[in-house]
Amino acid sequence: MEENEQVLVRKNKLAALRENGAPAYPNDFSPSYLAFALQERFATVSEEELRTAIETFAVAGRVMSLRHFGKAAFFHVQDQSGQIQIYVRQGETPQEAVTLLKESLDVGDIVGVMGPLFRTRTGELTIKATTLRLLSKALRPLPEKWHGLQDVEARYRQRYLDLLVNPQVRETFRKRAKIIQVIRRFFTERDFLEVETPMMQSLAGGALARPFVTHHNALDIDLYLRIAPELFLKRLMVGSVDRVFELGRNFRNEGISTKHNPEYTMLEFYQAYATYEHFMTLTEELFMLLAHEINGGPRLAYGDHEIDLTPPWRRLGLKDAVCEYTGLSSEEADQEGILRAKARELGVQPPASVPLGKVLEEIFGAVVEPHLIQPTFVVSYPVEVSPLARRSDKDPRFVDRFELYIAGRELANAFSELNDPEDQLQRFLAQLREREAGDEEAHELDEDYVRALEHGLPPAAGEGIGIDRLVMLFTDSPSIRDVILFPQMRPEKK
């Protein structure tokens with residue numbers, strides 16, 4: 001039948017139930033077990049032991065399959081943990097349950113079942129129903145051949161169906177939850193304080209990105225959805241919170257791709273009296289812990305690659321990487337004319353107003369980044385693209401910063417923090433000049449943050465890790481939409 005015809009049939013069944021006085025959507029059934037718990041508890045119990053047991057088990061969930069065999073029927077109920085089979089037979093099961101199954105039940109309905117356990121001839125653990133109740137009538141059928149759907153957008157748009165029929169999708173989001181739990185434990189065990197900072201800010205700061213703008217009616221001011229919590233977290237360090245982290249949402253008004261969603265989850269953490277080099281070791285420790293707890297070891301498959309997270313990871317200078325993959329010498333990479341010509345040759349077209357360090361970074365993104373499959377710390381970023389990072393003592397054109405790349409994409413960004421208020425002010429002013437020249441991602445001047453630095457920010461390091469990309473890595477997911485429950489989509493066409 002066409003779907004609209006099936007909907008009509010199901011609505012008629014619901015109407016018949018109501019005419020017979022049956023509650024359409026009751027809320028008085030309580031399961032005593034999850035399906036997986038039953039499967040686990042009785043995995044090795046013999047059929048004889050099951051037959052002599054007197055315990056009755058109650059489960060609730062969605063009907064995922066339904067097979068009639070004359071006077072008998074089998075169906076599977078799925079809850080959040082998995083599935084278990086149910087058996088109904090005329091003459092052995094109460095007549096009201098048999099009638100409900102025959103006249104009213106469809107695949108997709110939510111039911112409550114009670115009864116003893118037994119094993120079928122094939123050895124499958126099964127509940128012999130002594131009670132069967134319809135708890136919620138599904139008026140629309142489950143999608144057929146869902147696994148073969150070519151319309152990927154439909155999976156993301158109707159995630160509830162994707163979760164219902166695809167165990168792998170449910171497992172991805174269970175892993176996501178566990179990753180976040182492990183991260184919280186990792187930092188709290190190291191005396192980091194978890195905090196929450198504003199998501200609506202009067203200035204968009206903490207990263208180079210285009211913000212979303214909203215308006216607060218009572219104050220009659222524009223506010224920005226935060227692009228990063230960084231400047232607030234460092235204000236806390238001025239206030240003697242020496243170890244701090246936040247797990248929360250950031251918002252960037254940028255494109256949507258397999259690597260980008262305008263709303264995403266970020267971990268940021270800061271530690272006084274630490275350097276970006278300390279954070280390389282800390283990051284290796286965090287990823288190794290995740291690898292063991294999520295995947296059982298340091299090696300994991302991602303696409304066609306096997307990633308080995310065993311420390312120590314490779315360190316690679318950004319300019320050195322550009323030279324390696326473009327054939328430029330170190331001296332040539334310092335010459336603006338040669339570097340811009342190489343950018344044009346590679347199809348990178350930065351505006352003439354963009355500083356040399358930005359050109360270098362754009363060449364890196366286009367030419368080097370896709371090749372960084374195994375864990376690599378890319379270090380020594382130009383100061384022009386790092387307005388909040390401490391200058392290198394060895395070469396003040398660069399900063400003490402790393403970005404972590406795995407499987408050809410950035411997963412983390414860290415640096416030793418700039419705590420010189422005069423240097424910070426000059427960098428903000430340079431960002432303002434870039435903003436006036438048309439760079440919408442450049443920083444605004446945050447005078448209060450400079451004032452906070454003038455009170456004294458201890459030497460420190462900070463890092464941000466994109467949680468969504470981290471989950472992609474540990475679940476072998478090719479798109480960021482696969483690891484966000486409800487990714488941003490265009491409005492559905494009517």
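**View 1. Leucine 470 and its contacts in the predicted model.** Setting aside neighbours within four places in sequence, leucine 470 is in contact with Ile179, Ile183, Phe287, Leu290, Leu411 and Ile465. The model shown here is predicted. Leu470 is among the residues with the most contacts inside the largest nonpolar core.

**View 2. The largest nonpolar core, with 48 residues.** Ile183, Phe187, Leu267, Leu470 and Phe474 have the most contacts inside this core. Helix H9 spans residues 276-295. With ten residues, helix H9 gives the most to the core.

**View 3. A second, separate core.** This core has 38 residues. Among them are Leu316, Ala343, Val354 and Val450.

**View 4. Alanine 35 in helix H2.** Helix H2 covers residues 35-41. Alanine 35 has a relative accessible area of 1%, so this residue is buried. Neighbours within four places in sequence aside, alanine 35 is in contact with Asp79, Ser81, Gly82, Gln83 and Ile84. Valine 383 lies 348 residues from alanine 35 in sequence. In space, the two are 56 Å apart, C-alpha to C-alpha.

**View 5. Serine 104 in a loop.** The loop runs between helix H4 (95-103) and strand S4 (110-115). Serine 104 counts as buried because its relative accessibility is 7%, and buried means under 20%. Beyond neighbours within four places in sequence, serine 104 is in contact with Lys13, Leu17, Thr99, Asp109 and Lys137.

Conventions
Residues numbered from 1 in each chain as written. Predicted model: local features only at pLDDT ≥ 70, side-chain atom pairs only at ≥ 80, totals over all residues. Heavy atoms only, no water. Helix = DSSP H or I, 4+ residues; strand = E, 2+ residues; numbered from the N terminus. Buried < 20%, exposed > 50% of the residue type's maximum accessible area, 1.4 Å probe, protein only. Contact = heavy atoms within 4.5 Å. Core = buried A, V, L, I, M, F, W, Y, C linked by side-chain atoms within 4.5 Å.
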